[in-house]
Amino acid sequence: MQVHRLTLVGVGLFVATAVVSLALLPLLPAEVAIHFGLGGEPDSFVSAPAGVLLLPGIGLATLVATRATGSLGIGTSAPPVFDPLLATFLGYVQALVLAYNLGMQINVSMALAPALVTFVVVVFLIQR
């Protein structure tokens, strides 16, 4: 099975996100916020090692699942451009979460809203 170049870009972005997150691990508190309510306040916490690897891991698993379903004929696979798009969006989310946990005064929900809308619109346009 040949892997599309854009899929490899997506994998590379997830790996880069994980590496940068792990490099910041010593600067993070023992427990980090990983989920934020509509008001921007954190409402879910995990240990820092789990927190820095959770989002890149979920993203990579999603990428593999979308490629596997298409290859196995289980469903329709997303176009390869979806892979770096997903990795970029989740990398942005990870950057926001890390910034918050490093002490930056940021409303994660407000900072995430425009990126989320953009991601949804672009995915919708790709699927047309």
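Which residues of H1 are buried? The views below take up this question and others on a predicted model.

**View 1. Helix H1 and its buried side.** The buried residues of H1 are Thr7, Gly10, Phe14, Thr17, Ala18 and Ser21. They share the same side of H1, because they cover an arc of only 95° around the axis. Arg5, Leu8, Val19 and Ala23 lie on the other side of H1, where they are exposed. Helices H2 (48–72) and H3 (82–101) are what the buried residues of H1 pack against.

**View 2. Helix H1 from end to end.** H1 takes in residues 5–24, a run of 20 residues. At 1.5 Å a residue, H1 should span 28 Å. Its end C-alpha atoms are 29 Å apart, which agrees.

View 3. Strand E1 (residues 31–36) and strand E2 (residues 42–47) run antiparallel. Five bridges join E1 to E2. Phe36 stands opposite Pro42 in E2. Between the two strands of the hairpin there are five residues. Gly40 sits in the turn and has a positive phi of about 95°.

**View 4. The largest nonpolar core.** This core has 19 residues. Phe14, Phe82, Leu86, Phe89, Leu90 and Phe119 have the most contacts inside it. At least two residues of this core come from each of E1, H2, H3 and helix H4 (108–127). H3 gives the most, with eight residues.

**View 5. Phe119 and its partners.** Which residues does Phe119 contact, once neighbours within four places in sequence are left aside? Phe119 is in contact with Phe82, Leu85, Leu86 and Phe89. Phe119 itself is among the residues with the most contacts inside the largest nonpolar core.

**View 6. Helix H3, enclosed.** How many of the 20 residues of H3 are buried? The count is 15, so H3 is largely enclosed by the rest of the structure. From its first C-alpha to its last, H3 reaches 28 Å. That is close to the 28 Å expected at 1.5 Å a residue. Gly103 follows H3 and has a positive phi, near 100°.

Terms used: Residues are numbered from 1 along each chain as its sequence is written. This is a predicted model: local features need pLDDT of at least 70, side-chain atom pairs count only at pLDDT 80 or more; totals for chains, interfaces and linings use all residues. Side-chain values use heavy atoms; hydrogens and water are left out. Helices (H or I, at least four residues) and strands (E, at least two) are DSSP runs, numbered from the N terminus. The expected span of a helix is 1.5 Å times one less than its number of residues. Buried means under 20% relative accessible area, exposed over 50%, partly exposed in between (1.4 Å probe, protein chains only). The arc is that of the directions from the helix axis to the C-beta atoms. Contact means heavy atoms within 4.5 Å. Two strands pair if DSSP finds at least two bridges between them. A nonpolar core is a set of buried Ala, Val, Leu, Ile, Met, Phe, Trp, Tyr and Cys residues joined through side-chain atoms within 4.5 Å.
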